[in-house]
Amino acid sequence: MAPVSVVVIGAGDRGTGYARWALRHPDRASVVAVAEPREVRRARFAAEHGIAARNVAVDWRQLADRGRLADAVLICTQDRMHAGPAEAFAALGYHILLEKPMAPDEAGCRRIVAAVEKAGVMLAVGHVMRYTPYTRAVKEIVDSGQLGDIMSVQHLEPVGFWHQVHSYVRGNWRRADLAASMLMAKSCHDLDWLVHILGRVPARVTSFGHLTHFTAANRPAGAADRCVACSVEASCPYSAPRLYRGLLEEGERRWPLSAVIENFTPAALEQALNDGPYGRCVYACDNDVVDHQVVALEFPGATTATFTMTAFSQAAGRATRLFGTRAELTGDGRAIRVYDFLTRAERLITPAPTGAMNAAGGHGGGDAGLMDAFTGAVATGNRDLILSGPRESLASHLAVFAAERARLNGTVETITPHPGKTNALSRTDGGDSPGTR
Ligand SMILES: NC(=O)c1ccc[n+]([C@@H]2O[C@H](COP(=O)([O-])OP(=O)(O)OC[C@H]3O[C@@H](n4cnc5c(N)ncnc54)[C@H](O)[C@@H]3O)[C@@H](O)[C@H]2O)c1
């Protein structure tokens, strides 16, 4: 079978990462065109993939204007730049891998679903957590019924102190109006994961959360606007020089350092610390997204769940406990423990290790799993390989929008089931009927 040809829109961290999967699997996919406005990124990407000059563009519209150049497109632009290219490339007949979030607003998400359904093309949203060996193993255990009825769920996303300040205080996702809410930017993965594992869309949600710590009010006495000029930098856990100089010295070339500098030299880093957004004091930024949040969810069948995201943790894997009527499952993104109430025996399941559960680690095998599934679906026409298609992704995005409305308005939001069953939901549970799992 010929490799699937793909166009990459946005040669940033995500676009580069997915494209490297193609380099490692030349029999499965080949990158034939790229659009990227930043010159260093564009040239580096084109050279790495040997892309012909006529297929190297500054803006995605230039490639869209040329009709269909490939089987598929990987849309890896920033959050607010997803709906436009998704609609345009769907209309051209491209199958689409679209980074999450689909769009930062409900109307944008619905437009994307309408566009791909009208064109009849496949869409895989970047819910990479669905594709990890760990998630596949948890899902298999849940679907086997060995936990009994799942009554309660406890799920934690310990974002991590340095990741929070890198992305959500100093970085691209620091403001909801520039990107998306914290819940959408970071934890659309978590609500999507709960929907996927339980095979049900929540019926009611509420949420609390605040930006409390990373504000001017908590700025220590003697702090400067930039870490390099700060008299208390040495005692600050959020020091930018400590994080980024350390990574450069270790020879790191990937995220998060790749967001800070394009050329990996001490001089480029010092300039970024002096002038760029990543050198700012975390108490003197223009951030507004929350640094801690909880969501309470009620699923059909009376299953209750709580979700916590917090900045104030060691960066670690998500931790989950599923409390069933016959057994309890505990997972940390690597190991799964199942304690059976009848036998009182504990079983340990350790799916094959696949790297850290962050961007540098390929999200525990999720990035590779998504590329494998997406290119497999395009090559064979088998849509069932895609676990994060338009309807199931829309359903979990709608739950995120509802939770965020609840947080902002102090309400309990009811989620109306979306007409039309999603593949993943109908495969596992038949949708919204009480008692299903
Ligand atoms: N699935 C995941 O786990 C995961 C993880 C991190 C980020 N993301 C999402 O992936 C997306 C990309 O994130 P990233 O970290 O790679 O960001 P990035 O900023 O590194 O990459 C985006 C790239 O798009 C380019 N771009 C801007 N305008 C363009 C245009 N008109 N045409 C073509 N390219 C254009 C930018 O120059 C940039 O290089 C975001 O939506 C983000 O939320 C998903």
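**Ground rules.** Residues count from 1 along each chain as its sequence is written, and side-chain values use heavy atoms, with hydrogens and water left out. Since I am reading a predicted model, local features need pLDDT of at least 70 and side-chain atom pairs count only at pLDDT 80 or more, while totals for chains, interfaces and linings use all residues.

Next I looked up its partners (two strands pair if DSSP finds at least two bridges between them). Strand 4 (residues 72-75) pairs with strand 5 in the parallel sense over 4 bridges, and L98 is the bridge partner of I75. To get from strand 4 to strand 5, the chain passes through helix 4 (residues 83-91) in a right-handed β-α-β crossover. Right-handed here means that, with the strands pointing away from the viewer, the path from the first strand over the helix to the second runs clockwise.

Strand 6 (residues 123-125) is also parallel to strand 5, with 3 bridges, and there L123 is the bridge partner of I96. Helix 5 (residues 106-119) carries the chain between strand 5 and strand 6, and this β-α-β crossover is right-handed.

Entry 1: I then traced 9 strands in an open sheet with mixed pairing, in the order 14-13-12-11-7-10-9-8-15. Strand 14 (346-349) and strand 15 (413-414) are the edges, each pairing on one side only.

How do strand 7 and strand 11 run? Strand 7 (residues 150-158) and strand 11 (residues 319-324) are antiparallel and joined by 6 bridges; S152 has F323 as its bridge partner.

**Entry 2: cores.** Which residues have the most contacts inside the largest nonpolar core? I found V138, L147, L322 and I336, in a core of 76 residues. Such a core is a set of buried Ala, Val, Leu, Ile, Met, Phe, Trp, Tyr and Cys residues joined through side-chain atoms within 4.5 Å. Helix 14 (residues 390-409) gives the most to this core, with 8 residues.

Setting aside neighbours within four places in sequence, V138 is in contact (heavy atoms within 4.5 Å) with W193, I197, L322, L329 and I336. Another core, of 30 residues, lies apart and includes V31, V34, L74 and C76.

Methods: Helices (H or I, at least four residues) and strands (E, at least two) are DSSP runs, numbered from the N terminus. Buried means under 20% relative accessible area, exposed over 50%, partly exposed in between (1.4 Å probe, protein chains only).
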